[in-house]
Number of protein chains: 2
Amino acid sequence: MSTRPLCHPAIDDVTVTGILHALSDPVRLAIVTELRTNCAGMNCIDTMSRVDSTMPKSTCSLHFQILREAGLIRSERRGVELSNQLRLEELEQRYPGLLDSILKSHQQELVKLSRKK
Amino acid sequence: MSTRPLCHPAIDDVTVTGILHALSDPVRLAIVTELRTNCAGMNCIDTMSRVDSTMPKSTCSLHFQILREAGLIRSERRGVELSNQLRLEELEQRYPGLLDSILKSHQQELVKLSRKK
DNA sequence: TAGATAGTTCAGAAGTTCTGGACAACTAGA
DNA sequence: TCTAGTTGTCCAGAACTTCTGAACTATCTA
């Protein structure tokens with residue numbers, strides 16, 4: 001699928017600013033939220049339909065690249081598609097509580113927003 | 001000091017992606033780390049000397065503007081200078097544990113980094 | 001081999017961030 | 001009130017990043 005091999009940083013090279021930058025985009029935060037409960041992994045096509053159906057394929061591919069390079073996900077080839085999974089256990093060991101705290105706050109924000117309407 | 005009045009978002013308008021974006025810059029994360037223990041508040045000049053002495057004044061001013069507009073700090077005029085303070089209690093009420101979790105992870109990163117050398 | 005599907009790469013457009021220099025707000029001393 | 005000093009903002013161009021359509025690569029099935 002790729003001309004270049006898929007590159008994943010070692011967990012010790014994953015930075016906090018890198019994680020925050022990757023999650024500071026609403027689409028990427030939504031992708032990671034989906035992946036948190038969806039341990040089977042998601043590909044680009046799944047993501048476009050679940051997260052933002054107007055998003056072009058190239059943009060979706062780029063978002064996954066950014067999440068991968070920040071160390072948040074691991075991408076594996078499964079035939080013609082990629083399976084993208086959260087590096088949940090590694091992240092939890094390296095930065096305990098960080099990811100859950102961010103996703104919990106985001107969830108609280110969504111709940112509050114939906115009550116306003 | 002400013003021609004325009006200082007604008008702070010209401011705590012309910014503070015978003016998680018906004019917070020993450022503001023803290024995804026190493027300088028701004030360092031500023032917030034300083035402010036966390038420094039309840040008296042910091043101005044630009046303090047910050048330049050403590051956080052990054054090579055940073056231009058206009059860049060420092062911009063970083064504070066970004067932190068302010070993300071809802072992380074409150075800036076008050078004190079004569080010729082601004083006192084910038086974390087909106088700690090408000091943030092804690094709106095997104096409990098979020099800020100501490102990020103700062104704790106960042107601290108762990110710094111400790112691990114200093115051990116490597 | 002051909003056709004279908006999934007994802008990447010490229011390059012230009014659009015948007016954001018950085019920074020030096022000019023400026024504005026304020027203070028204190030004469 | 002005038003002047004000098006200090007702090008911070010604004011502006012505009014440079015540098016950098018992100019977005020996206022179109023062309024391309026990789027893989028599967030038959």
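Which helices are included in what covers the buried residues of helix 6 of chain A?

**View 1. The buried residues of helix 6 of chain A and their cover in the predicted model.** The buried residues of this helix are A:Leu98, A:Leu99, A:Ser101, A:Ile102, A:Ser105 and A:His106. Their cover includes helix 1 (16–23), helix 2 (26–37) and helix 5 (88–94) of chain A, and also helix 1 and helix 6 of chain B.

**View 2. The length of helix 6 of chain A.** Helix 6 of chain A runs through residues 98–116 and holds 19 residues. At 1.5 Å a residue, the helix should span 27 Å. The C-alpha atoms at its ends are 28 Å apart, which agrees with that expectation.

**View 3. The side of chain B that touches chain A.** Here, 19 residues of chain B are in contact with 19 residues of chain A. Helix 1 (16–23), helix 2 and helix 6 (98–116) of chain B each supply at least two residues of this side of chain B. Helix 6 of chain B gives the most, with seven residues. Sorted by class, the side of chain B that touches chain A has eight nonpolar, nine polar and two charged residues.

**View 4. The packing of helix 2 and helix 3 within chain B.** Helix 2 (residues 26–37) and helix 3 (residues 44–51) of chain B pack at an angle of about 110°, and their axes are 11 Å apart. Angles of 65 to 115 degrees count as roughly perpendicular, and the two helices are therefore roughly perpendicular to each other. Helix 2 of chain B makes the contact through B:Val27, B:Ala30, B:Ile31 and B:Glu34, and helix 3 of chain B through B:Thr47, B:Arg50 and B:Val51. The residues of this contact divide into four nonpolar, one polar and two charged.

Note on methods
Residues numbered from 1 in each chain as written. Chains lettered and ligands numbered in written order. Predicted model: local features only at pLDDT ≥ 70, side-chain atom pairs only at ≥ 80, totals over all residues. Axes fitted to C-alpha atoms, helices over the stretch in contact; angles between N-to-C directions. Helix = DSSP H or I, 4+ residues; strand = E, 2+ residues; numbered from the N terminus. Parallel < 35°, antiparallel > 145°, perpendicular 65-115°, else oblique. Contact = placed C-beta atoms within 7 Å. Nonpolar A, V, L, I, M, F, W, Y, C, P; charged D, E, K, R; others polar. Expected span 1.5 Å × (residues − 1). Buried ≥ 20, exposed ≤ 12 C-beta atoms within 10 Å, placed from the backbone.
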